[in-house]
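Please open the structure in your viewer and keep the selection panel at hand. We will go from one stop to the next, and at each one you will hear what to select and what is there.

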Amino acid sequence: MKGFVSLCFFLPGILFAEINPWNLRPNVRILTRKEVSHIVLEKRPDHFRVTLLVSERFPYNFKAMSHPFFFRMEDEKKAMELANQMDKFLDTGKSFTITLNGSEIQTLVWGEPD
């Protein structure tokens, strides 16, 4: 009985706990609509880019510069589809997780990491 009562008190806190961004690796970012100000399509000589203009994390975003993180895409149609899909996903209030190699986005996970 005592175990059941303690489970009822602590389980909701564990289930609804948010991920602390300061506990993530430096090359991993969780992005929401608050951090992503623009989604830009760029044409380069050998590829296309879907660029996210991202602001700093919360305590350091006052007077901070934006950072461009980009996906390298081979086809303009696929780049436009990805940009529209990310824009609609961010408009729903959800977040996605990116893994970076410099400024290039290596992986995209729809949602927060486990």
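**First stop: leucine 52**

Select leucine 52 and, setting aside its neighbours within four places in sequence, show what is in contact with it: Leu31, Val36, His38, Ile39, His67, Pro68, Phe69, Met86, Phe96 and Ile105. Contact here means heavy atoms within 4.5 Å. Before going on, please note that this is a predicted model, in which local features need pLDDT of at least 70 and side-chain atom pairs count only at pLDDT 80 or more, while totals for chains, interfaces and linings use all residues. Residues are numbered from 1 along each chain as its sequence is written, and side-chain values use heavy atoms, with hydrogens and water left out.

**The core**

Now widen the selection to the largest nonpolar core, which has 19 residues; Val50, Leu52 and Phe96 touch the most other members. Such a core is a set of buried Ala, Val, Leu, Ile, Met, Phe, Trp, Tyr and Cys residues joined through side-chain atoms within 4.5 Å. Buried means under 20% relative accessible area, exposed over 50%, and partly exposed in between (1.4 Å probe, protein chains only). Colour S3, strand S4 (67-73), H2 and S5, the elements that give two or more residues to this core. Its largest share, six residues, comes from H2.

**The whole protein**

Zoom out for a moment. The protein has two helices and six strands, in the order α-β-β-β-β-α-β-β from the N terminus on. Helices (H or I, at least four residues) and strands (E, at least two) are DSSP runs, numbered from the N terminus. Of the 114 residues, 29% count as buried. Among contacts between residues at least 6 apart in sequence, 50% join residues at least 24 apart.

Next, colour by pLDDT, the predictor's confidence in each residue, from 0 to 100. The mean is 82, and 75% of the residues reach 70 or more. Select residues 4-8 to see a stretch where pLDDT stays under 50; the model has one contact beyond four places in sequence for it.

**Strand S3 and its partners**

Which strands pair with S3? Strand S2 (residues 36-43) pairs with strand S3 (residues 48-54) in the antiparallel sense over seven bridges, and S3 is also joined to S4 by seven bridges, again antiparallel. Two strands pair if DSSP finds at least two bridges between them. S2 and S3 form a hairpin with four residues between them.

Then pick glutamate 42, opposite arginine 49 in S3. On the S4 side, threonine 51 stands opposite phenylalanine 70.

**Histidine 47**

Move to the loop between S2 and S3 and select histidine 47. Is this residue buried or exposed? Histidine 47 is buried, with a relative accessible area of 7%. A polar contact of 3.2 Å joins its side chain to that of arginine 49. The term covers a pair of N or O atoms within 3.5 Å; within protein, one must be able to donate a hydrogen and the other to accept it, and residues adjacent in sequence count only if both atoms are side-chain atoms. Beyond its neighbours within four places in sequence, histidine 47 is in contact with Glu42, Arg72 and Met73.

**Threonine 97**

Jump to strand S5 (residues 96-101) and select threonine 97. Threonine 97 is buried, at 6% relative accessible area. A polar atom of its side chain lies 2.8 Å from the backbone oxygen of glycine 111. Its contacts, leaving aside neighbours within four places in sequence, include Val28, Ile30, Leu108 and Gly111.

**Last stop: phenylalanine 89**

Finally, go to helix H2 (residues 76-91) and pick phenylalanine 89. Phenylalanine 89 is buried too, with a relative accessible area of 18%. Draw a distance to tryptophan 110: the two C-alpha atoms are separated by 8.6 Å, and the residues are 21 apart along the chain. Leaving aside neighbours within four places in sequence, phenylalanine 89 is in contact with Lys94, Ser95, Phe96, Trp110 and Gly111.
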